[in-house]
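Welcome, and thanks for taking a look at this one with me. Please have the sequence and the 3D view open side by side as you read.

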Amino acid sequence: MATFSETGHAKNVDNFSSLIANATSMGEKYNPTNPSIALTALSLKEKTARAAVDAVNVAMPAYAKACEERDSSFSEMDGLVTRVYNGLCASSSSDTTDASAASIVRKIRGTRSSSSKAASKATAAASAPKTVSVSQRSFDSQVDNFDRLVEFLAATPEYAPNEPELKLTALRTVATNLRTKNNACNAAKISLDSARDARNAELYEPTTGLVDVALTVKAYVKSLYGTASPEYKRVGAIEFRKAK
């Protein structure tokens, strides 16, 4: 249902309200045997459908804000990782240690190993190709691999920078913040998805959803007044769209 405009769902509910007004104007003549299209049932359906649409409208900005905060936190990761890696390479660490760190850095960046043999180990992380891997570049993977890098550095005695922002304590603070922001965004996405699922069920579930109920009302009015009647023409002109 991603291709269906968010405003389209609200429009369906607004049009359902117009449908109820038309049915109400028919007075005692509007007297269906089907309880699902009785006026009381229609009013309840409108109320629950509108609440479901409103729940999505609340969840959407919460998710957007969480994503914005996560993006802001992650935006400086590449630069920090490059500084950390170059700091390690500038220490007395072995080539093997540096190569292991470079492997983790590439996973954080979502890049493959450079094929250039001329690249120095001090610039390898910064100059690696930017070929993005969906699995490695995901926020979850970035957080996990950044944690791996921090723990790798913690087990490497040669890594002992003087710069406060590169020290292990600072890096662990960064790692905690990244995971917190990523978890918050993931939780907001789950809430949004759940709200959308509930709304879609409320509006588009076969038979019991708002759209199918509205179509049933139209069929009843057609049987009540006939296709050429002004009553049916007014009701028939009210548009309801099924989400794809």
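Helices (H or I, at least four residues) and strands (E, at least two) are taken here as DSSP runs, numbered from the N terminus. The model is predicted, so to speak of a local feature pLDDT has to be at least 70, side-chain atom pairs count only at pLDDT 80 or more, and totals for chains, interfaces and linings use all residues. Residues are numbered from 1 along each chain as its sequence is written, and side-chain values use heavy atoms, with hydrogens and water left out.

**A residue to start from**

V143 has its place in helix 7 (residues 139-154). Is V143 buried or exposed? With a relative accessibility of 1%, V143 counts as buried; that word stands for under 20% relative accessible area, while exposed means over 50% and partly exposed lies in between (1.4 Å probe, protein chains only). Which residues does V143 touch, not counting those up to four places away in sequence? They are F74, L178, R179 and N182, where a contact means heavy atoms within 4.5 Å. V143 and V174 are 31 residues apart in sequence, and their C-alpha atoms are 10.0 Å apart in space.

**The whole chain**

Of its 244 residues, 36% count as buried. Among contacts with a separation of 6 or more, 73% are between residues 24 or more positions apart. The chain exposes about 13100 Å², and carbon and sulfur atoms supply 55% of that area; the areas come from the Shrake-Rupley method with a 1.4 Å probe, and for residues only the protein chains shown count as cover.

**Nonpolar cores**

A nonpolar core is a set of buried Ala, Val, Leu, Ile, Met, Phe, Trp, Tyr and Cys residues joined through side-chain atoms within 4.5 Å. In soluble globular proteins, nonpolar side chains tend to be buried together. The largest core here has 25 residues, and F16, L19, Y30, L42, L210 and F240 touch the most other members. At least two residues of this core come from each of helix 1 (6-25), helix 2 (39-74), helix 8 (168-204), helix 9 (210-225) and helix 10 (230-236). Helix 9 gives the largest share, 7 residues. Leaving aside neighbours within four places in sequence, Y30 is in contact with A23, I37, L39, L42, V217, Y220, V221 and L224. Apart from this core lies another, of 23 residues, including M77, L88, L149 and L171.

**Salt bridges**

The structure holds 10 salt bridges, each being a side-chain nitrogen of Lys or Arg within 4 Å of a carboxyl oxygen of Asp or Glu. Here are three of them.

| Pair | N to O distance |
|---|---|
| R50 and D14 | 3.1 Å |
| D193 and K189 | 2.8 Å |
| K242 and D212 | 3.0 Å |

The side chains of R50 and D14 meet in a salt bridge. Because R50 lies in helix 2 and D14 in helix 1, this pair ties together parts that are 36 residues apart in sequence. R50 is partly exposed, with a relative accessible area of 30%, and D14 is partly exposed too, at 37% relative accessibility.

D193 and K189 are 4 residues apart in helix 8, which puts about one helical turn between them. An α-helix has 3.6 residues a turn, so residues three or four places apart point the same way. D193 is partly exposed at 28% relative accessibility, and K189 is partly exposed at 31%.

The side chains of K242 and D212 also meet in a salt bridge. K242 lies in the segment after helix 10 and D212 in helix 9, so the pair ties together parts that are 30 residues apart in sequence. D212 counts as buried, at 16% relative accessibility. Salt bridges that share partners also join D14, E46 and R50 into one network.

The buried residues of helix 3 are M77, L80, V81, T82, V84, Y85, L88 and C89.

Helix 4 (residues 95-109) has 15 residues and reaches 20 Å from its first C-alpha to its last, close to the expected 21 Å. Which residues of helix 4 are buried? They are T97, D98, A101, A102, I104, V105, I108 and R109. These residues cover an arc of only 165° around the axis, which puts them on the same side of helix 4; the arc is that of the directions from the helix axis to the C-beta atoms. The face of helix 4 turned away from its buried side carries the exposed residues D95 and T96. Just after helix 4, G110 takes a positive phi of about 75°.

Key:
The expected span of a helix is 1.5 Å times one less than its number of residues.
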